[in-house]
Amino acid sequence: MSVEPVEIERTERPEEGTAAPVVTTLAAAATTFPIAPGVSVNVRSGPGTGYPIVKVLPAGSRVAIHCQTPGTWITGPYGTTNIWDNIASGQYVSDAYVNTGSDGYIRPRCS
């Protein structure tokens, strides 16, 4: 699993005209995404239906996506895809059940 670096950007302070660092912490950068409404989602130990189910996310859950990787093709509420989202160490859900707002990768590929 890869970890995204903390980004530092510079902003202007109008009163002083100097650049000040604005630090985005990992906690602040951690965005969660909702799973499909009314659906319980199987969490698997790897990116595919051939991997064992390690737990089930109840309807209404939200997940943080650490990285993404190709795996088994799945059709779900958000289309057909082979993208699997890594939500924790050894835990994957099909992106077809996660509302990321995109049909493609939104996080780095898992290493």
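Leaving out residues up to four places away in sequence, Val 56 touches Ser 40, Val 41 and Asn 42, where contact means heavy atoms within 4.5 Å. The model is predicted, so local features need pLDDT of at least 70 and side-chain atom pairs count only at pLDDT 80 or more, while totals for chains, interfaces and linings use all residues. Residues are numbered from 1 along each chain as its sequence is written, and side-chain values use heavy atoms, with hydrogens and water left out.

Val 56 lies in strand S5. Its relative accessible area is 47%, so Val 56 is partly exposed; buried means under 20% relative accessible area, exposed over 50%, and partly exposed in between, with a 1.4 Å probe and protein chains only. Val 56 and Arg 44 are 12 residues apart along the chain, and their C-alpha atoms are separated by 8.7 Å.

The protein has 1 helix and 9 strands, arranged along the sequence as β-β-α-β-β-β-β-β-β-β. These elements are DSSP runs numbered from the N terminus: helices are H or I with at least four residues, and strands are E with at least two. Of the contacts with a separation of 6 or more, 44% are between residues 24 or more positions apart. Of the 111 residues, 32% are buried. The protein exposes about 6400 Å², and carbon and sulfur atoms supply 54% of that area, as found by the Shrake-Rupley method with a 1.4 Å probe.

The loop between strand S5 (53-57) and strand S6 (62-64) contains Ser 61. Ser 61 counts as buried because its relative accessibility is 14%. A polar atom of the Ser 61 side chain lies 2.6 Å from the backbone oxygen of Pro 58. Beyond residues up to four places away in sequence, Ser 61 touches Phe 33, Pro 34 and Ile 35.

Apart from neighbours within four places in sequence, Ile 35 is in contact with residues including Val 41, Leu 57, Ser 61, Val 63 and Val 98. The largest nonpolar core has 12 residues, among them Phe 33, Ile 35, Val 41, Leu 57, Val 63 and Val 98. A nonpolar core is a set of buried Ala, Val, Leu, Ile, Met, Phe, Trp, Tyr and Cys residues joined through side-chain atoms within 4.5 Å. In soluble globular proteins, nonpolar side chains tend to be buried together.

A second, separate core of 6 residues includes Cys 67, Ile 74, Tyr 92 and Cys 110. Cys 67 and Cys 110 are both buried, and they form a disulfide with sulfur atoms 2.1 Å apart; the cut-off for a disulfide is a pair of cysteine sulfur atoms within 2.5 Å. Cys 67 lies in strand S7 (residues 67-76) and Cys 110 in the segment after strand S9 (91-94), so the pair ties together parts 43 residues apart in sequence. The torsion about the S-S bond is about 100°, which means that the disulfide is right-handed. The whole structure holds 1 disulfide.

Finally, there is the matter of confidence. The mean pLDDT of the protein is 82, and 73% of its residues reach 70 or more; pLDDT is the predictor's confidence in each residue, from 0 to 100. Over residues 1-14 the pLDDT is below 50, and it stays under 50 over residues 18-29. Where pLDDT is low, the predicted coordinates should not be read in detail.

Notes: A polar contact is a pair of N or O atoms within 3.5 Å; within protein, one must be able to donate a hydrogen and the other to accept it, and residues adjacent in sequence count only if both atoms are side-chain atoms.
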